[in-house]
Amino acid sequence: MKPSRIVLLIALAALIALFFVFDLQRFLSLEFFAAQREAIVAYQAANPWTTAIAFFLIYVLVTGTSLPGAALLTLIAGAVFGLVQGVIMVSFASTLGAAMAFAIARYLFRDAVRARFGQYLATIDRGVEKDGAFYLFALRLVPAVPFFVINLGMALTPIPVWRFYWVSQLGMFFGTVVYVNAGAELGQIESIGDILSPALWISFALLGLAPLIAKKILDAIKARKALGKFKKPRHFDNNLVVIGAGSGGLVAALIAATVKAKVTLIERNRMGGDCLNTGCVPSKSLLRSAKMLSYAARAKEFGFKNATVEFDFAEVMERVQRIIKKIEPHDSVERYTELGVNCIMGDARITSPYSVRVDDREITTRNIVIATGGEPFVPPIPGLAEVGYYTSDTIWEIRELPSRFVVLGGGPIGSELAQAFRRFGADVTMVEQAPHLLMREDADVIDLMQQQFVAEGIRLLTNHRAERVESGDGERVLVCAKEDGTEVQVPFDAVLVAVGRRPNTEGLGLEDIGVAIGERGDVEVDGYLRTSVPTIYACGDAIGPYQFTHTASHEAWYASVNPLFSPFKKFKADYSVIPWTTFTDPEVGRVGLNEQEAERRGIEVEVTHYELEELDRALADEEGRGFIKVLTPPGKDRILGATIVGHHAGDLLAEFISAMKWGKGLKALMGTIHIYPTLTEANKFAASTWRKKHAPEDLLAWVGRFHRLRRGRGRGEREVAAASEGRA
């Protein structure tokens, strides 16, 4: 560190130390001012300029060194100098002090912080360069963050000093007026009657309402900034236009039609989106067929000497298409048209906050919902594109079972399809860069599932990174790198890329109208699912972070109801209870916290286990693999999360989801009648396991004595008592 910086740092530290050592803070207390108020006011009347200059310098010094007391000084300014003079003095003094703190922090700390954390600040820098003045103004207008924190934080960014100064002066002006006015009214209290004066009550009301008023002002400014350059139509064709007819878009359109709003639904490909055509429906259809084959392989477990199943893989894949066809009418144009939705097939592009172009047709609307879903992410692996590959979108085109099948990715999609293809007879190799499959699950879940996969003959290459694909002489080989740098060659006939998904937001014109887009291409939304353009909302995979069909449907309610009934009522999206299931065999279902997430967030939990091999119905069905794990606060029965590994885990999870949603604990589950023999009894027994650990032993001991007394002494007890008396 430069000598000048060391000197400045020592001087600043000494000044702050003196402030606390000599308890100078007592002079910046309400009690001190109340005791000295008459003397201060008298001195100010006799020496107005001296008092004003001294107060101004003290205010600058306090704010410039980030010492406590600025809020009280602002009230004192109103009490001593009055509203007009107080506002002028505080406005300039606070801004000069903020600039001083900003400059000191930048000089002392910015270089060191950026040298160490520069890579993490790149995103913040880009945001500040683009909208730094606006965000600083927003922070100043709504004092949710202490101003001294803003001063020090902004010093680490590239915002210029002059811009920081004038934006701060404007942003703090509203709050300054409110606080100085409150101080001015407090300074006029001379009797009990003055406490009830309308002016004082108005000042207190303004003080309490300041954040709310400021937020409304900020919202209005943001709306004007986003919408100002676009012409608002005098008449709208629609109340709502929904782009994308997947699970989120269908629900949003249906809600709008149900409340009698005029709604248009636009889809460029197939109604039903990924879930119907390339996701949930086809995958679960395929898994069901694979499950039937697994039962044949386990024939001896069910008392049969052997069982064989003849099948044609192409016919199995055709069955998948038949299931899609059966469900298609539920999501069809015809059905939604009957429900009151105007359905249009075509490419949509948002041309303004109030209009969407479909091919050569312009449609106006009060609000827009983006529900365009996601698409598989394909990493740039050299040679992969040349040999061809499948994704979760295209695997349903396959009709010939590959002899050697490679799955890139060990997440839910890769795990489900790897197990299915193995059960159909393919030699399956899973390649995962992480140390294990299903990274979001706990170690006990991962161990069980990896053991299951290995037992079924799936080759697991964890801690392997796909480097390149080589081909020649009719052979295709995936070359992987291990942690130590050595290479492993994996020959294959077909490869499935299942390393994740990304939002499908390109080509919508979002950047052109100012909709903020994240680094992954996801649409950025607030708690009400509103984008940076206030007439546009979004839901589902387009926003993340929960890329599930049921979450998209859940979000669609907020994304449609909020714009339709704003500004009268709006609802914040509720993510408190989000469940999901990986449909492997056994299934893995989870809701709320698991152990690794609790540890990462520093939440202390108690873990209760129940093994499914102890459940009568699971034993009768030969499905004793797996367990139920429930997380609760130590000593309490409130459910923080539940993980189920086992047969129909996704169905069993529903009871825990409901309990968490409606605030019911394990005691309530234990007291609920469950049909015998069913798998759902496992939930009750898991709750009973928790209850046994928390049995009131002291109370039970007293209860035992009570019951012995009620029985009276029997012959054996009398003989023991007599023998004891004889020995005595």
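Me: Where in the chain is Leu438 placed?
Reply: Leu438 sits in the loop between strand E9 (427-432) and helix H17 (443-455). Helices (H or I, at least four residues) and strands (E, at least two) are DSSP runs, numbered from the N terminus. This is a predicted model, in which local features need pLDDT of at least 70 and side-chain atom pairs count only at pLDDT 80 or more, while totals for chains, interfaces and linings use all residues. Residues are numbered from 1 along each chain as its sequence is written, and side-chain values use heavy atoms, with hydrogens and water left out.

Me: Why is Leu438 called buried?
Reply: Buried means under 20% relative accessible area, exposed over 50%, and partly exposed in between (1.4 Å probe, protein chains only). Leu438 has 7% relative accessibility, which is under 20%, and therefore counts as buried. Its phi is near 45°, a positive value in a residue other than glycine.

Me: What makes Glu622 partly exposed?
Reply: The relative accessibility of Glu622 is 33%, so this residue falls in the partly exposed class. Glu622 also has a positive phi, near 55°, and belongs to the loop between helix H21 (616-620) and strand E20 (627-632).

Me: Why do E10 and E14 count as edge strands?
Reply: The open sheet of four strands has the order E10-E9-E8-E14, with parallel pairing. Strand E10 (459-462) and strand E14 (494-497) each have a single partner strand, so one side of each lacks a neighbour in the sheet. The twist averages 15° from one strand to the next; axes are lines fitted to C-alpha atoms, for helices over the stretch in contact, and angles run from 0 to 180 degrees between N-to-C directions.

Me: Which strands does helix H16 lie across?
Reply: Helix H16 (residues 412-424) lies across E8, E9 and E14, at about 165° to E9. Contact here means heavy atoms within 4.5 Å.

Me: How is E13 joined to E12?
Reply: Six antiparallel bridges connect E12 to E13, and Val477 stands opposite Pro491 in E13. The three strands form an open sheet in the order E11-E12-E13. E11 and strand E13 (487-492) are its edge strands, each pairing on one side only.

Me: What angle separates neighbouring strands of this sheet on average?
Reply: They are turned by 25° against each other, direction ignored.

Me: How do you know that the bond from Ser566 to Pro567 is cis or trans?
Reply: Omega is near 10°, and the bond is cis. Pro567 lies in the loop between helix H19 (549-565) and strand E17 (579-582). Tyr676 and Pro677 are likewise joined by a cis peptide bond, with omega about -10°.

Definitions and conventions: Pairing = 2+ DSSP bridges.
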